[in-house]
Amino acid sequence: MENVLIAGANGTTGKLIVNLLKESQYFRPIAMVRKKDQMEQFESMGVKTILADLEKDLVHTMEDIDKVIFAAGSGGKKVVEVDQEGAKRLIDVAIMAHVKKFIMLSSIGADQPEKADTLQDYLQAKKNADEHLRHSGLNYTIVRPGSLKNEKGIGKIDLAKSLDKKGDISRQDVAQTLVRVLHDTRANATTFEILEGETLIGEAIKTVSVAEAE
């Protein structure tokens, strides 16, 4: 089994990712959390936990890690320090550790932050982090969902390099997509957008073509 570090494991989407990986026969979740009082909930599930702050040294987070899912976020409070520089810091230690794949939870609009009506600072931070990952030399997938909602997932999405539309998607379906691309080689070195849609997640990922690789 491969060890997968989930940055932002204590977040709403992060917890969903941990639960999915807990049931996987291929992956073992390693929950990365910022506070000691966040560790018990995962350890009580039998999930290994690493205490780390994205604003500080992260070298210790990569011991025996095979792959990484970055699902952390500052909630708009520290977009440069956490969403941008924290992501870049984790990418840099992942390079040193030679991880097999780094999956970034980004956002629709991160390709052109200047065109957004709101959250321009956040989207710019995500764009900068995404570009750092693209140029890192790591194998990666960057997943850019629309607005996240807490409703039950439907297991179906629309997926394209650029969807050219706005919309939302459940956190469950985003988590499913992030876990799926852990082992789907068609998603290697690609960036794509997702919204709630009509195609089963597994089938939608199959449409990610080599031509979209950057």
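Start by selecting Glu-85: at 27% relative accessibility, this residue counts as partly exposed. You are looking at a predicted model, so treat each stop as a feature of that model.

**Stop 1: along helix 3**

As a general idea, side chains of opposite charge can pair when their charged atoms come close.

Now select Val-80, which is also found in helix 3 (residues 79-96). Is Val-80 buried or partly exposed? With a relative accessible area of 42%, Val-80 is partly exposed. Leaving aside neighbours within four places in sequence, Val-80 is in contact with Glu-85 and Gly-86. Then pick out Asn-128: its C-alpha atom is 9.4 Å from that of Val-80, although the two are 48 residues apart along the chain.

**Stop 2**

How many salt bridges does the structure hold? There are 13. Select Glu-55 and Lys-78 to see one of them, at 2.9 Å from N to O. Glu-55 lies in the loop between strand 3 and strand 4 (67-70), and Lys-78 in the loop between strand 4 and helix 3, so this pair ties together parts that are 23 residues apart in sequence. Glu-55 is partly exposed at 33% relative accessibility, and Lys-78 is partly exposed at 36%.

Next, select Asp-66 and Lys-100, whose closest N and O atoms are 3.9 Å apart in another salt bridge. Asp-66 sits in the loop between strand 3 and strand 4, while Lys-100 is in the loop between helix 3 and strand 5 (101-105), 34 residues away. Asp-66 is buried, with a relative accessible area of 18%, whereas Lys-100 is partly exposed at 45%.

**Stop 3**

Zoom in on strand 8 (residues 156-160). Its covered face holds Ile-157 and Leu-159, and its uncovered face holds Lys-156, Asp-158 and Ala-160. In a regular strand, the side chains alternate between the two faces of the sheet.

Strand 8 pairs with strand 10 (residues 190-196) in the antiparallel sense, over 4 bridges; here Ala-160 has Glu-193 as its bridge partner. Strand 8 also pairs antiparallel with strand 11 (residues 199-200), over 2 bridges. On that side, Ile-157 is partnered with Thr-199.

**Stop 2: the nonpolar cores**

Now select Ile-17, Leu-21, Leu-159, Leu-178, Leu-182, Phe-192 and Ile-194. In the largest nonpolar core, which has 33 residues, these touch the most other members. Helix 5 (residues 171-180) gives the most to this core, with 4 residues. Another core lies apart from it, with 27 residues, including Leu-5, Ala-72, Val-93 and Met-104.

Center the view on Leu-182. Beyond its neighbours within four places in sequence, its contacts include Val-4, Leu-21, Phe-27 and Ile-103.

**Last stop: an annotated stretch**

Finally, select residues 8-184, which UniProt lists in an unreviewed entry as "domain: NAD(P)-binding". Over this stretch the chain is 33% helix and 21% strand, and the end C-alpha atoms are 22 Å apart.

Definitions and conventions: Residues are numbered from 1 along each chain as its sequence is written. This is a predicted model: local features need pLDDT of at least 70, side-chain atom pairs count only at pLDDT 80 or more; totals for chains, interfaces and linings use all residues. Side-chain values use heavy atoms; hydrogens and water are left out. UniProt positions are given in the numbering used here, feature names are shortened, and annotations may be inferred rather than shown by experiment. A nonpolar core is a set of buried Ala, Val, Leu, Ile, Met, Phe, Trp, Tyr and Cys residues joined through side-chain atoms within 4.5 Å. Buried means under 20% relative accessible area, exposed over 50%, partly exposed in between (1.4 Å probe, protein chains only). Contact means heavy atoms within 4.5 Å. Two strands pair if DSSP finds at least two bridges between them. A salt bridge is a side-chain nitrogen of Lys or Arg within 4 Å of a carboxyl oxygen of Asp or Glu.
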